[in-house]
Amino acid sequence: MMRLSDSDFTRSVLAVTHHKMEERENFPDFRSEPALADRQWSNAQHPEMDKYPTTPETESSNGKSQADEAIPPLPTAATAAELAEAVAETPEKETAFLPVLKNRNFLALWSGQIFSQLADKVYLVLTIALVASRFQAPDQTISRWVSAIMIAFTIPAVLFGAAAGVYVDRWPKKAVLVATNLLRGGFVLTLPLLLWLSDGFELGKLPLGFCLLLLVTFLVSTLTQFFAPAEQSVIPLIVERRHLLSANSLYTTTMMGSVIIGFAVGEPLLALADNLFTNLGGGLGIGKEIVVGGSYAFAGVLLLSMQTGEKNEVEHEPPHPLADLKDGLRYINDHPKVRNALIQLIILFSIFAALAVLAVRLAEILPGMRASQFGFLLAAVGVGMAAGATTVGYLGHKFSHSQLSLIGSVGMAVALMGLSAFTHHLWISVLFITMLGLFASLVGVPMQTTIQAETPEEMRGKVFGLQNNATNIALSLPLALAGVAETFLGLPTVFLALAGLAIAGGVLTWYISRNSNSKVDRLP
């Protein structure tokens, strides 16, 4: 019977060991010893070290190590053939959205996301409808009422965004997701009672009902600051590393779809709900609140079935929240790819914040449109982003994250330059705006995936909290300056400036990625 030489046997065993270790890296739910988990993250900058297991050498009574005693007898030819087959075999890579949709935990998270984000968008429509029907006088403009509501939405993001991420790391993330949705639903469902009890009362010069509406809006937005980092932190807990790009693509597609659907059908949906409840004998006009609050609550119920597999070790003396914030900032500063991905996302959202302001002026000067129809242009951005996120889900695994970001940044710059040249051509402008959304997904999806994959579980809440906080603060600058810049420089010049900003972000990402080693720039 044929026997393998010692060198052939050694090469076969090492090859199989290498293959099994790669399988471990592709499945984050594999539970290894704590020391091994720590070693995997500490060697993130040296991926070649992760290919070899570390086995402590324990001496036996006869002076030989236990590892030596564990060596099996030399394999036969049949065993060698099995080894060769195992080495040649590689796990089949499923691409696109099918693998993540087979994941029951992700399916529960995604279903909850659909109802929660739709409720977020329709809630804004609800507040405007309540203002128009209860507080706006016939000779008043609605702008000042809406501005107050938007401020109530924005303040919690600035004040609590980073701190919320700190506590998300300390609390069970499933509990955060469920509780924030149920509480938001409860607050919305109390609105009819609060408005009825406050009818006819004033606080200063404002109706008391409007002040209570601002308070509920503030509370809903505050809970959202906890929900957002918890949701982003859960994705890498329940999705395999090789499917993170597809999961984030589906996440972004759903988010953009909720923007389009929420703002487009929010008003008729709420009107239909009111009519339905009136016909059923309610007659109280509370159908709108039931639809929005019920959507939040239903999202919370759906998330109850999700299993995150997270390890919640209770600390006897948790550090001060400021210490945790410093840890998050230190981690971002010490990891160039995470820091650069955050910068790229801030640039991306700043461009879109400016576009939200400039779209009003663009709609005003485009033939066949009115300024009030600017939502049609923003919906075109959403369509483009949904298409781009779907494309990344199917084809993104063929490129590194830095390559996708560079391609997306160049594409965004081309679209913005096209907009600057065709500000008086309706359908050409719509085409370039859709292109802008499509290429933006090539930036946003891989950069968000990079942050998730590069950040260890115990740091994700802090990092995502800081991300949401920095993004919300950064959005205020373009929102304030875009209109002023357009007034003095003109719409084409501002679009060209945004194109330059997009190019700068893409080149920065590409340059830093080429000068830093990381095993997650291209996920398996």
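Tutor: A crossing is left-handed if the near helix is turned anticlockwise from the far one by less than a right angle. Keep in mind that this model is predicted.

Student: Happy to start there! In which hand does α8 pass α9?

Tutor: The crossing of α8 past α9 is left-handed. Here α8 covers residues 173–197 and α9 covers residues 208–238.

Student: At what angle do helix α8 and helix α9 pack?

Tutor: Their packing angle is about 165°, and the axes lie 8 Å apart. Angles over 145 degrees count as roughly antiparallel, and α8 and α9 are therefore roughly antiparallel to each other. The residues of this contact comprise 19 nonpolar, five polar and three charged.

Student: Let's turn to the cores. Which residues touch the most other members of the largest nonpolar core?

Tutor: That core has 49 residues, and those touching the most other members are Phe352, Leu362, Leu377, Met412, Leu416 and Phe495. Several helices give two or more residues to the core, including α13 (336–365) and α18 (491–514). The largest share, 15 residues, comes from α13.

Student: What does Phe495 touch?

Tutor: Not counting residues up to four places away in sequence, Phe495 touches Leu355, Leu358, Leu362, Leu416, Leu419, Ser420 and Thr423. There is also a second, separate core of 25 residues, with Val234, Ala247, Tyr251 and Met306 among them.

Methods:
Residues numbered from 1 in each chain as written. Predicted model: local features only at pLDDT ≥ 70, side-chain atom pairs only at ≥ 80, totals over all residues. Heavy atoms only, no water. Axes fitted to C-alpha atoms, helices over the stretch in contact; angles between N-to-C directions. Helix = DSSP H or I, 4+ residues; strand = E, 2+ residues; numbered from the N terminus. Parallel < 35°, antiparallel > 145°, perpendicular 65-115°, else oblique. Nonpolar A, V, L, I, M, F, W, Y, C, P; charged D, E, K, R; others polar. Core = buried A, V, L, I, M, F, W, Y, C linked by side-chain atoms within 4.5 Å. Buried < 20%, exposed > 50% of the residue type's maximum accessible area, 1.4 Å probe, protein only. Contact = heavy atoms within 4.5 Å.
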